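Me: I am new to this structure and would like a close look at a single part of it. Please start with the protein as a whole and then go to one pair of packed helices.

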Amino acid sequence: MCADLDTLLIAVYCAACSLFPADPRPRRGRPQTITDNELLCLMVAQMLLGQPSDRRFLGVAERRLGHLFPQLPSQSRYNERCRQLAPKLVTLWRAIACELPGFHDSLSFVDTTPLPCGQSVQTVNRSELAPWCGFGYCAAHSRFFWGTRLVLWCGPDGTIRDFDLVPANAPEREAVLELLERQPPAGQLVIADKGFAGQEFESAVAELGAILLRPSRADEATRPKPPIGRIRQRIESIVNSLKDQLRLEHHLAKTPAGLICRIAARILALTAAIHLNWQLGQPARALTAYGH
């Protein structure tokens, strides 16, 4: 078995079929030319091939994946059905992630990253995403943006244990704390950046049974300075995997359902690649083999 896109898609399809077996009852109406489980695999392929546009992806898929998916849906049908599969995307991601060592490791990382959803005044005023979005500031890139933030809780190998989407102006500490409360990290070491400074936040993490480590800020001269600079870069590399090859910020979503679906598909694609790399003894986030 080798690390390539075909092998990965077959593995994802087998996992999907085990979770979502076909309904033996006859379906009313026109027969579907492609199943939901096949659509889940196509969404994974779309993200790994770096094709945010559904139209362009279906053109690429006809040439690259025609031997696996001989009957592809139309662009409108593909978009409509994919948006309905967000719950299955999340269920499949969780099932795959739970098998990875990073999901159960005693070391984990938390962070947020900007997810712009529009660049114009017309978008802000008319977009269906407006109730979900807000204006925020990204200190890492010194820029303001309108959209959401992706909240991540990850294992050291890049396994995404949990994630959430919050408005760009939502308090980061509260968003991360809500994420940790879903699966209390008792007995774990949680690494964060200096933006999560605050005694109240550290106490809340301690109440969950975890130890929080972060770099010291310039105005905290008396605070111990843990040597976590190099290991802290892991969360940055995980975010880069999502933003570079999987093109996280180029999601092209125009509705809440579309945004959730496209983000969940990227996280499923990353998790599936990490799982196959783990089985093959490859570097966890080596995605190059799956991008062509």
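Reply: Of the contacts in the protein with a separation of 6 or more, 66% are between residues 24 or more positions apart. The model is predicted. The protein holds 11 helices and six strands. Its radius of gyration is 20 Å, close to the 19 Å that the globule rule gives for 292 residues, so the protein is as compact as a globular protein of that length. Taken along the principal axes, the box filled by the C-alpha atoms is roughly 70 × 50 × 35 Å. Buried residues make up 50% of the 292 residues. The accessible surface of the protein is about 14500 Å², and 53% of this surface belongs to carbon and sulfur atoms.

Now to the single part. Two packed helices are described by the angle between their axes and the distance between the axes. For helix H1, residues 5–19, and helix H2, residues 36–48, the angle is about 145° and the axes are 9 Å apart. The crossing of H1 and H2 is right-handed. On the H1 side, the contact is made by Leu5, Leu8, Leu9, Val12, Tyr13, Ala16 and Cys17. H2 contributes Asn37, Glu38, Leu40, Cys41, Val44, Ala45 and Leu48. Sorted by class, the residues in this contact of H1 with H2 are 12 nonpolar, one polar and one charged.

Conventions:
Residues are numbered from 1 along each chain as its sequence is written. This is a predicted model: local features need pLDDT of at least 70, side-chain atom pairs count only at pLDDT 80 or more; totals for chains, interfaces and linings use all residues. Side-chain values use heavy atoms; hydrogens and water are left out. Axes are lines fitted to C-alpha atoms, for helices over the stretch in contact, and angles run from 0 to 180 degrees between N-to-C directions. Helices (H or I, at least four residues) and strands (E, at least two) are DSSP runs, numbered from the N terminus. A crossing is left-handed if the near helix is turned anticlockwise from the far one by less than a right angle, and right-handed if clockwise. Contact means heavy atoms within 4.5 Å. Ala, Val, Leu, Ile, Met, Phe, Trp, Tyr, Cys and Pro count as nonpolar, Asp, Glu, Lys and Arg as charged, and the others, Gly among them, as polar. The radius of gyration is taken over C-alpha atoms; the globule rule is 2.2 Å times the number of residues to the power 0.38. Buried means under 20% relative accessible area, exposed over 50%, partly exposed in between (1.4 Å probe, protein chains only). Accessible areas come from the Shrake-Rupley method with a 1.4 Å probe; for residues, only the protein chains shown count as cover.
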